[in-house]
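Subject: The model for you to look at

Hi,

Here is the structure I promised to pass on. Have a look at it first, and then read on for what turned up.

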Amino acid sequence: MTTLTLSLLMTLSPMQQKIANHIMSNNKNLETQYVNKLAKVIDYEAGNISPFLISAIFMQESAYDYRACRKIKRYCVDHGIGQVYWKTAKAYKMSTYALTSDLVYSVRSSIKVLRYFHKRYSKKEKNWWARYNCGTKKSIDRKTCNEYTRKVRRWKWNTLFLIKK
């Protein structure tokens with residue numbers, strides 16, 4: 001068993017409990033076992049990105065549903081808990097099937113994309129994480145990005161920890 005698999009079998013750490021509480025406060029319709037597993041995976045994968053920011057983005061993107069698939073016509077274009085765009089999945093060599101069928105893979109892959117934006121923009125832009133939705137265009141000071149920023153902030157991540165301790 002991997003370290004992640006073993007940690008999923010154990011009880012929640014204090015940080016994971018805070019993450020689980022954050023998830024439950026955003027979506028009260030989730031099963032406790034699912035919330036606990038999701039909190040553990042987010043904590044394990046977050047690195048130097050706030051797990052509460054990750055949680056808020058996942059709530060905005062899919063309401064924490066790793067099976068989520070946004071369709072245009074009959075085709076799924078955004079996949080998984082982080083709604084990874086199909087072109088992004090292709091560029092990162094991600095399995096679109098696994099994005100919507102494996103919670104750990106979906107979380108890990110979504111955070112990988114977020115980590116790219118953190119590395120590239122966090123020193124230059126306060127709301128660097130809006131690029132997760134807005135992409136790499138020159139500026140995030142535009143209507144769609146401002147709207148995404150407002151929507152993610154409503155999930156109360158900014159009242160907790162911005163940087164993981």
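Let me start with a pair of helices: α2 and α3 cross in a right-handed manner, where right-handed means that the near helix is turned clockwise from the far one by less than a right angle, and left-handed would be anticlockwise. On the α2 side the contact involves Met15, Gln16, Ile19, Ala20, Ile23 and Met24, and on the α3 side Val35, Asn36, Leu38, Ala39, Lys40, Ile42 and Asp43. By contact I mean heavy atoms within 4.5 Å. The two axes come within 8 Å and cross at roughly 125°, which makes α2 oblique to α3. The axes are lines fitted to C-alpha atoms, for helices over the stretch in contact, with angles from 0 to 180 degrees between N-to-C directions. Angles under 35 degrees count as roughly parallel, over 145 as roughly antiparallel, 65 to 115 as roughly perpendicular, and the rest as oblique.

Before going further, a word on what you are looking at. This is a predicted model, in which local features need pLDDT of at least 70 and side-chain atom pairs count only at pLDDT 80 or more, while totals for chains, interfaces and linings use all residues. Residues are numbered from 1 along each chain as its sequence is written, and side-chain values use heavy atoms, with hydrogens and water left out.

Ala39 counts as buried because its relative accessible area is 0%; the cut-offs are under 20% for buried, over 50% for exposed and in between for partly exposed, using a 1.4 Å probe and protein chains only. Apart from neighbours within four places in sequence, Ala39 touches Gln16, Ile19, Ala20 and Ile23. Its C-alpha atom is 8.8 Å from that of Met15, 24 residues away along the chain.

Helix α2 also meets α4. Their axes come within 10 Å and cross at roughly 25°, so α2 is roughly parallel to α4. This crossing is right-handed too. Met15, Lys18, Ile19, His22, Ile23 and Asn26 of α2 pack against Pro51, Phe52, Ser55, Ala56 and Met59 of α4. Within α4, Ala56 is buried at 0% relative accessibility, and its C-alpha atom lies 8.6 Å from that of His22, 34 residues apart along the chain.

In the loop between α3 and α4 you will find Ser50, which is buried at 0% relative accessibility. A polar atom of the Ser50 side chain is 3.1 Å from the backbone nitrogen of Phe52.

Now for the inside of the protein. The largest nonpolar core has 44 residues, and those with the most contacts inside it are Ile23, Leu38, Ile57, Phe58, Val107 and Trp129. Such a core is a set of buried Ala, Val, Leu, Ile, Met, Phe, Trp, Tyr and Cys residues joined through side-chain atoms within 4.5 Å. At least two residues each come from α2, α3, α4, α7, α8 and α9, and α7 gives the most, with 8. Leaving out residues up to four places away in sequence, Phe58 touches Ile42, Ala63, Tyr64, Ile81, Gly82, Val107, Ser110 and Ile111.

Two backbone details are worth a look. Ala63 has a positive phi of about 55° without being a glycine; it sits in the loop between α4 and β1 and is partly exposed at 30%. Gln83, also not a glycine, has a positive phi of about 50°; it belongs to the loop between β2 and β3 and is buried at 11%.

Gln83 is also one of the contacts of Asp78. Asp78 is in strand β2 and is buried at 9%. Its side chain makes a polar contact with the side chain of Arg70 at 2.5 Å. A polar contact is a pair of N or O atoms within 3.5 Å; within protein, one must be able to donate a hydrogen and the other to accept it, and residues adjacent in sequence count only if both atoms are side-chain atoms.

Finally, the overall picture: the chain has 9 helices and 3 strands, and buried residues make up 46% of its 165 residues.

Best wishes

Key
Helices (H or I, at least four residues) and strands (E, at least two) are DSSP runs, numbered from the N terminus.
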